[in-house]
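Reader: Could you walk me through this model, one question at a time?

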Amino acid sequence: MSAHTHTSHQDDPHGEHGHDKHAHGTGNLELWFSLLSGALLLAGWIVSRSMGEDALIARGLYAAACLAGAWFTVREAIENLRNRRLQIDTLMLVAAAGAIALGHWGEAGLLLFLFSLGHALENYAMGRARRAIEALAQLRPETALVRRGQELVETQVESLQVGDIVVVKPDERIAADGFVVIGDTSIDQSAITGESVPVDKRPVADIVAARANPDTVGAEHRVFAGTLNRAHVVEIEVSRRADQSTLSRVVEMVKSAENQKSPTQLFTDRFQRYFVPAVLVLAFLLLFAWVVIDEPFSASFYRAMAVLVAASPCALAISTPSAVLSGVARAARAGVLIKGGAPLERLGVLHALAFDKTGTLTEGQPRVTDVLAAENINEETLLGVAVAVERLSDHPLAAAVVRDGSERLGGTALPVAINLQSLTGKGLRAEVDGQVVHIGKRALFTEIDTAGLPPDLDARMLSLESEGRTTFAVKHGDRYLGAIGLMDTPRAAATSVIVQLRALGIRQMIMLSGDNQQVADAVAKSVGIDRALGNLMPEDKVTTIRELQAAGDVAMIGDGVNDAPALAMASVGIAMGAAGSDVALETADVALMGDDLSKLPFVIGLSRQTRRIIRQNLWASLGMVVILIPATIFGLKMGVAVLFHEGSTLLVVANALRLLAYREPQA
Ligand SMILES: Nc1ncnc2c1ncn2[C@@H]1O[C@H](COP(=O)(O)OP(=O)(O)OP(=O)(O)O)[C@@H](O)[C@H]1O
Ligand SMILES: [Zn+2]
């Protein structure tokens, strides 16, 4: 009977108010009151058996049972009336009051007892799903050992400042987001990313650089609040205040996910907007049954009240929110953040799934494989300019060029590059020694240079591409210095993930890439995707998603680097490795916190299961109403009606809670 479980939340984004207090604070008290009501009811029944229905003690006991059973509902009804909300629960009180008015004290007591019991159990169950989320927040320790000079001071986590050095002992949880400055260890990050294998961490090489740009610090140095130190003592430098940590933000987002309505929920809300008044009209008409059939007014009145009980769509109201809550909580435990019912439901009916290439289907760690210096240019000149410029860029290719290029150069001094400009989807522009440098894919040079690439360089790049290499050329002033070829390895998990997705019935899988078509084809082929579109600009990715969407919901999965607009366009934008990227965390509808592609079939399977459970719940709750309305019209007792009504509400919630135990189907 808690249509309000849901309604109170939508009015109150923080969920502090309304229903939450039942789930936590008064939850137990509510149950005790209800049990008290049951005990009084039983006593009243025994007394009335021995001393007769009309004995004053029996009446008194029944009245006390009503009071105990109605206590919380009355308080809530008053609060709701004050907020001008019509609650289904209020109807229940009307029905009980009606029964009392007819002198059916025992029946009113039974109604209020069962109603309060159902309510308390339902709150308890919903509380379980919420607690599953809050358990996440509990992972963060309360205090941390902070180094102050030679001393270690135990400090409240809330008062940690950016720049503090925290000492973390083995088997302790990490108190803040930051990076390792001293010590090697291995950290169990399952709480955040869902990855079961501990990850090795070591100190950053350059503390000043890490401090200046903590978000670009590599995963092998970065640590997250709430994760568990598995091996040795380490010292970490705090890079975020406690309330800004990844963990805190995930908890916040999961909590607010509850308030984002799914399509089914919007539908049931709309349905109730017509259904509840219709029930009221029906009950009102039934008050006049004595006009048509030969019965006293009291019998008509009783029937009308019984119909009110039977028709309250409480189970219907809770059927979707309970499933969404459980589904979101289950996903969070696996390191997958789902921002609400809408993405959760949509993921279950995908028409197509689009993949970004770099960092999604591939490791995102390309290596330089070929260095092709142009005629009369030596390799050092080519690499020197390339490394100098790429050093300023944060493109995934740039890191590879800087790393492998510097290695090939040995200690050779680099030229100085300034004024970097990113030519998104194509390359870079900068200045070296007072002359413009362009670095980028072949197409870039047909745009900036009427002559285009020298034919021999173009041909050599083409042949590299046909071997599946990513390529770019370097032009300094009006001289072409040459080209560089790189290769990224497909993720080990990708092939089996694609197989699993296919087994789940996702037929259209497509890869979108800014890289050349040959590379796109090669990667797609090696992981088992049958369609690959290469040479796409970020806006082409958006257009492609839009076109796919004409036929149904489309999910796009990427790392948020060059594909944020496409992620935003897709019905469901899924970000990989979101624990390390604020942008990905904020913009995606679904965030795989870890860098683990295999969570994709998991979350799609979970979302299907959620849909199945929602559908079952809708049938069960509507079915119950459809049976109970005619049954009460034709004389079913109010007590029996309330039993079935509460039973169906609890059944629906229990069914939803099954999602908390969802496991991946084995492929
Ligand atoms: N910093 C850079 N240095 C060299 N070449 C670049 C750079 N940025 C882009 N390019 C060139 O432009 C192409 C497309 O780059 P873009 O960043 O759009 O790829 P993407 O769409 O992110 O790639 P993917 O599909 O692999 O994820 C690259 O393959 C490369 O040839
Ligand atoms: Zn109810």
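Reader: What is the mean pLDDT of the protein chain, and what share of its residues reach 70 or more?

Author: Happy to start there: this is a predicted model, in which local features need pLDDT of at least 70, side-chain atom pairs count only at pLDDT 80 or more, and totals for chains, interfaces and linings use all residues. Residues are numbered from 1 along each chain as its sequence is written, while chains are lettered from A and ligands numbered from 1 in the order in which they are written. pLDDT is the predictor's confidence in each residue, from 0 to 100. For the protein chain its mean is 86, and the share of residues at 70 or more is 94%.

Reader: Which ipTM and pTM does the model score?

Author: Both scores belong to the model. The pTM is 0.81, and the ipTM is 0.94.

Reader: Into which domains is the protein chain divided?

Author: The bounds come from an automatic or database domain assignment. Domain 1 covers 3-136 + 254-331 + 606-661 and domain 2 covers 143-244. The others are domain 3 (336-363 + 490-593) and domain 4 (367-487).

Reader: What distance separates the centres of domain 2 and domain 4?

Author: The centres are taken over C-alpha atoms. For domain 2 and domain 4, the separation is 37 Å.

Reader: Which residues come nearest to ligand 1?

Author: A residue is near a molecule or strand if its C-beta atom, placed from the backbone, lies within 6 Å of it. There are 22 residues around ligand 1. Domain 3 and domain 4 each give at least three residues to this shell. Those that come nearest are Thr358, Lys441, Ser513, Gly514 and Asn562.

Reader: How do the residues of the shell around ligand 1 divide into nonpolar, polar and charged?

Author: Ala, Val, Leu, Ile, Met, Phe, Trp, Tyr, Cys and Pro count as nonpolar, Asp, Glu, Lys and Arg as charged, and the others, Gly among them, as polar. On that basis the shell around ligand 1 has 6 nonpolar, 10 polar and 6 charged residues.

Reader: Which helices and strands each supply at least two residues of that shell around ligand 1?

Author: Helices (H or I, at least four residues) and strands (E, at least two) are DSSP runs, numbered from the N terminus. Two helices do so, α15 (357-361) and α17 (396-409). The strands are β14 (427-432), β15 (435-440) and β16 (470-476).

Reader: Why is one side of β12 and of β13 left without a neighbour in the sheet?

Author: Two strands pair if DSSP finds at least two bridges between them. The open sheet of 6 strands here is antiparallel, in the order β12-β17-β16-β15-β14-β13. β12 (367-373) and β13 (417-423) are its edges, so each has a single partner strand.

Reader: By how many degrees are neighbouring strands of this sheet turned against each other on average?

Author: Axes are lines fitted to C-alpha atoms, for helices over the stretch in contact, and angles run from 0 to 180 degrees between N-to-C directions. α17 packs on the sheet, touching β12, β16 and β17 (479-487), and its direction makes about 65 degrees with that of β12. For neighbouring strands, direction ignored, the average is 20 degrees.

Reader: Which residue takes a positive phi in the hairpin of β14 and β15?

Author: These two strands pair in the antiparallel sense over 6 bridges, with Leu428 opposite Ile439. Between them lie 2 residues. The one with a positive phi, near 50 degrees, is Asp433.

Reader: In β16, what is the bridge partner of Gly440?

Author: β15 and β16 are antiparallel and share 4 bridges. Across from Gly440, the partner is Ala473.

Notes
Two residues are in contact if their C-beta atoms, placed from the backbone, lie within 7 Å.
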